[in-house]
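Please view the sequence and model below before reading on.

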Amino acid sequence: MLNLQTLRIFPHIPKKLVFLETLSRNLWWTWDHQAKDLFRRINPGLWEESNQNPLLFGTYLKQEHLEELAEDESFLAQMDVVQNLFENRVLRSDAAGFSFLAEQEIIAYFSMEFGLHASIPLFAGGLGILAGDHLKASSCLDLPLVGVGLLFRKGYFRQFLDENGRQQEAYPAVDLEQLPLSRAKDQAGKELEIIIPGPSGQIRAAVWRMRVGRIRLFLLDTYLKDNPPEIRQITENLYAGDQAARLAQEVLLGIGGMRALDALGLFPAVCHLNEGHSTFSSLERVAQLTRKLNIDPAAAMEIVPRTTIFTTHTPVAAGHDEFPVDMIRPVFQPYLDQFQIPENELLAWGQAPDAGPEAPVSMFILGSKTAAYCNGVSRLHGRVARDMWTHLWPRRPSDEIPISHVTNGIHVPTWMSEEMGLLLERYLGPDWMRLSSDPKRIERILDISAEELWSLHERCRTRLIAFCRRCMVQQYRRRHAAMDVLDESGSVLKPNSMTIGFARRFAVYKRSGLLLQDPDRFEAILNNPEQPVQIVFAGKAHPKDNEGKELIQKIIAFAKKPKLRHKIVFLEDYNMHISRHLYQGVDVWLNTPRRPLEACGTSGMKAAANGGLNVSILDGWWDEAYKPEIGWAIGPRNDHNGNTEQQDSIDAQSLYSVLENEVIPCFYERGPNDLPEKWISMMRHSMQTAMIHYCSQRMVNEYTQRFYHPLARRMQTLTEQDCTAAKQLADQKQRLNVHWPEILITQPERIDRGSSRVGDQIRIRTTVHLGELLPEEVQVQLYYGRLQGVESVVSSSTLEMQVVGEQGNAHYEYECSLPCETPGHYGYTARVIPAGDAWMQNLPGFITWA
C-alpha cells in the first residue's frame with residue numbers, strides 16, 4: 001500500500017470576496033439568516049451537499065465561479081449588507097451593550113460538549129445543544145464569556161439502521177480543515193500546549209480556538225503525534241465507555257481547561273460548570289489562586305466556591321459519574337502538598353458524609369462542595385435534585401437544600417425557520433433576534449394574521465415532508481433496496497395531514513414506544529380517513545443501551561405494516577440539521593418521559609418557537625409552561641411510583657384520549673375561511689410563550705443577574721486589600737470547625753401563654769450555649785411552618801432571634817416575636833447556624849437544632 005501524504009487545496013478568494021473567508025470562520029453565520037442566504041446564493045445545490053459547511057463548500061467551488069461572483073454587483077451588494085451586520089453585531093465592542101460586567105471580569109463556561117452546528121460534531125445531545133445556545137446568547141448579550149471544551153476527533157457516533165431497524169454505529173474521523181479552528185497561542189505568541197497530571201501519567205494537549213460570534217471557545221486536543229496511543233485516544237470519542245478514559249477526559253476538561261486559560265493570560269472571575277464533568281477545575285483554580293494571589297490554600301478555598309456556579313442536568317443519581325479512590329489518587333496527589341491537607345480530607349470533597357475513606361469520588365458531590373451556587377435546569381428538576389441530594393446536607397430540611405433552578409432556554413434565531421424570521425421582522429422589527437425576550441415586543445406576535453401564519457406553516461410542513469422523502473430514499477438506497485421500494489419511499493407522508501414529531505435520545509425513560517402500548521388504537525388514529533395523522537420519528541440509542549435499540553426496532557417493525565408505511569417514518573442519524581426541519585415543520589411535538597426524569601427537554605421549546613404545539617407529560621419545562629392556550633398535557637402531575645408498567649398503561653391511555661378527543665379535532669376544525677382558527681391562536685400563544693420565557697437570552701440574563709454579576713463583584717471584594725476578606729473567612733471557618741461541637745440550644749418556649757389569634761405577636765425565647773464562639777459568629781433562628789402530620793413542616797420560614805441577655809459561662813438568651821398572620825396548625829423549633837453568607841450558612845455540619 002502506498003504511504004500517501006494528504007493536502008487540501010482551497011480556492012483563491014478574490015480580494016472583493018475576502019469577507020467570505022472571515023465569515024466562514026466565525027459561527028455567527030449559523031444564526032443569521034442573511035449570512036446563510038449569502039452562502040446559499042453562491043450555489044444552492046453544493047451548499048446542501050456540503051452539509052452547509054462553508055469551509056467544505058469552498059472546496060467544491062470552481063475558481064472561475066468565484067471570479068464571476070467578484071464582478072457580480074448584486075452579490076457584492078448583498079455581501080456588503082451582511083458585512084455591515086457582522087461588523088455591528090460581532091466586531092464593535094459596544095454592539096450589544098447589555099452586559100453588566102466589565103471586560104476583564106471573564107466568565108469561564110466549561111462543558112464536555114458544545115452543539116453549535118451539524119457540521120461540527122462536538123456534541124451528543126441536549127447538554128451540548130444547551131451549551132452551544134448558551135454561547136450564542138452570550139455573544140448577543142456581549143458577555144465577557146469564554147467557553148472551554150474538548151476537541152473530539154471522531155465526535156459522537158453516526159447512526160445507520162439495517163432493514164430490520166437494528167442500529168449500527170460508525171465513528172468517522174473529523175477533518176479539522178473543515179472546521180473553523182485555529183491554534184490558540186500563548187502570551188509569547190507560540191502555539192499553546194499544556195501538560196497536566198492524568199490518572200495514568202502526564203497528559204499533553206494542544207489548545208484550539210473557535211469563534212462563536214463575539215465568544216471564544218477553547219478546545220483541548222490530545223491527538224498529538226508525540227503522545228502515546230492511550231493519551232491520543234482521550235479526545236478521540238465523546239463520552240468514552242471505559243471508566244479510565246472517561247476520567248482522563250474529565251481531568252483534561254477541568255484541570256487542563258484552567259491551565260489553558262492561565263497560559264492564555266485569562267484569569268476568570270467566575271467559573272460556570274455545565275454538569276459535573278468539569279468539576280476538577282475547582283482544584284486547579286484553588287492552586288492557581290494560591291500562586292497568583294500569594295495566599296494560603298485555605299483562603300483560596302473560600303474564594304473558589306463563592307465564585308463558581310454548578311449546573312446539574314441529571315435527575316437520576318446513577319447518571320452522575322463517580323470514580324474509585326485508587327483511580328483518582330494520581331489526579332489528587334499533586335494537590336495534596338499545595339493545599340497542605342491530608343489525602344482523606346481532599347477525597348472527602350467528592351464523597352458523601354460518613355461514606356468512608358474508600359468510597360467512590362462523585363463528580364456531583366465534588367461540584368456541590370466547591371460551588372456555592374448549584375442549580376437544576378427547570379423548576380421541577382430543582383425540586384427533584386433537592387430531594388435526591390438531601391443526604392449531602394444532613395439535618396437540613398429538603399426545601400432548604402441549596403440547589404435552586406434556572407430553566408433552560410433556546411437560542412431562537414438558531415432554531416427558527418427563515419420564513420418565520422422574516423415574518424417576525426415585519427411584525428417585531430429587524431432587531432427582534434437581539435431583543436427576543438422583550439415581552440412588549442413579543443406580544444406583537446398575537447397580531448400576526450391567521451392567513452399569513454397558517455400559509456407559512458403549511459410551507460414549512462411541505463418542506464419537511466420533501467426532506468423526509470429525500471432522507472428515506474437515501475436510507476433505502478444505502479441498504480440496496482429494490483427500485484419499487486425506492487419509488488415508494490419517495491412518496492411517504494402527505495402534505496396536508498396532521499404531522500407529529502417525536503425525536504430524542506432513545507433512552508428507556510423517554511418512552512418512545514408509549515404510542516405502541518395499544519397498537520390497534522394507534523393504528524386507528526393514523527388511518528382515520530376523515531382526520532389522517534402521520535408521525536416522524538428520529539433519535540439514537542446509546543451504543544450500549546440494548547433496550548433503547550430494541551425500541552427503535554419495534555417502531556420500524558410497526559411502520560412496515562402495509563397500511564402504515566406511508567404514515568410513519570424513522571429518520572436515521574438524528575442531528576441538528578434534521579432537528580431544525582422537524583421543529584420548523586411539525587404540527588405537534590410529542591414528549592412522553594416518565595415524570596420526573598426529564599430534567600428540562602428543550603426540544604419542545606424549539607417546536608413552540610416555530611408555532612408547533614406541544615403534547616407532553618407534565619415534566620421538565622412543560623410542567624411550568626403548560627397552559628391550555630399553548631398545548632396539551634398527558635396525564636396529571638403524578639411522579640411514577642416504581643410501578644412502571646402500570647404508569648405506562650395509564651399514560652398511554654391518556655395520550656390516546658388527548659389525541660382523539662382534543663388535538664386531532666382541533667387541528668381539523670375549520671372556520672368560514674377554511675382556517676383552523678383555534679389552532680392558529682394556540683400557535684401564536686405558543687410562540688409568544690417560548691420567546692419570552694424560554695429563550696436563551698432570558699436564561700443567560702438570569703444567570704448574569706443572579707450569578708455572574710454578583711459573583712464577579714464578590715471576587716473583587718474577596719481579593720482586594722491583599723485578600724483580607726478571604727483570609728478572614730478562612731480564619732472564621734477554622735474557628736467553627738474547632739468550636740461548633742460546643743454549641744447547645746434549648747427548646748424554645750413561649751413567653752406569652754394562652755390562645756393566639758390572627759394579628760397577635762407571640763414572644764418566644766431560647767437559651768444557647770456558644771462555648772468559645774461569640775454571638776456575632778452565629779445566627780440563632782426560629783424555624784416554623786404549617787404542620788403536615790405530627791412532625792413535618794411544610795412551607796417553612798425562619799425568623800432571626802436576638803440576644804436579650806447573657807447568663808454567664810457562654811450561655812445567652814435569645815428572643816423573637818412570631819407574627820400570627822394566617823389561621824392554622826403550626827410547629828416551631830429553634831436552631832443555630834453560622835453568621836455570614838449563604839455558603840458559610842449552608843456548609844454541612846454547621847447546624848444545631850434545639
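## Cavities

About 110 Å³ of space lies in the second largest cavity. The structure holds six cavities of 30 Å³ or more. A cavity is a set of points, on a 1 Å grid over the protein atoms alone, where a 1.4 Å probe fits but cannot get out, and lining residues have an atom within 4 Å of a point. A volume is the space filled by probe spheres set on the points, which are joined across faces, edges and corners.

The residues lining the second largest cavity include W29, K36, H117, K136 and R580. Helix α23 (residues 576-585) provides the largest share of this lining, three residues. Helices (H or I, at least four residues) and strands (E, at least two) are DSSP runs, numbered from the N terminus. By class, four lining residues are nonpolar, five polar and three charged. Here Ala, Val, Leu, Ile, Met, Phe, Trp, Tyr, Cys and Pro count as nonpolar, Asp, Glu, Lys and Arg as charged, and the others, Gly among them, as polar.

## Basis of the model

The model is predicted: local features need pLDDT of at least 70, side-chain atom pairs count only at pLDDT 80 or more, and totals for chains, interfaces and linings use all residues. Residues are numbered from 1 along each chain as its sequence is written, and side-chain values use heavy atoms, with hydrogens and water left out.

Helix α19 (residues 450-478) has 29 residues and should span 42 Å at 1.5 Å a residue, which agrees with the 42 Å between its end C-alpha atoms. The expected span is 1.5 Å times one less than the number of residues. H480, which follows α19, has a positive phi, near 60°.

α19 packs against helix α27 (residues 677-693) at an angle of about 85°, with the axes 10 Å apart. The two helices are therefore roughly perpendicular, a term for angles of 65 to 115 degrees. Axes are lines fitted to C-alpha atoms, for helices over the stretch in contact, and angles run from 0 to 180 degrees between N-to-C directions. In α19, A450, L453, W454 and H457 meet residues of α27 including W679, I680 and M687; contact means heavy atoms within 4.5 Å.

## Backbone features in loops

R595 and P596 are joined by a cis peptide bond, with omega about 5°. P596 is placed in the loop between β18 (588-591) and α24 (603-609).

Terms used. 1 Å grid on protein atoms, 1.4 Å probe; cavity = no way out; pocket = protein on both sides within 12 Å on 5 of 7 lines; lining within 4 Å. Parallel < 35°, antiparallel > 145°, perpendicular 65-115°, else oblique.
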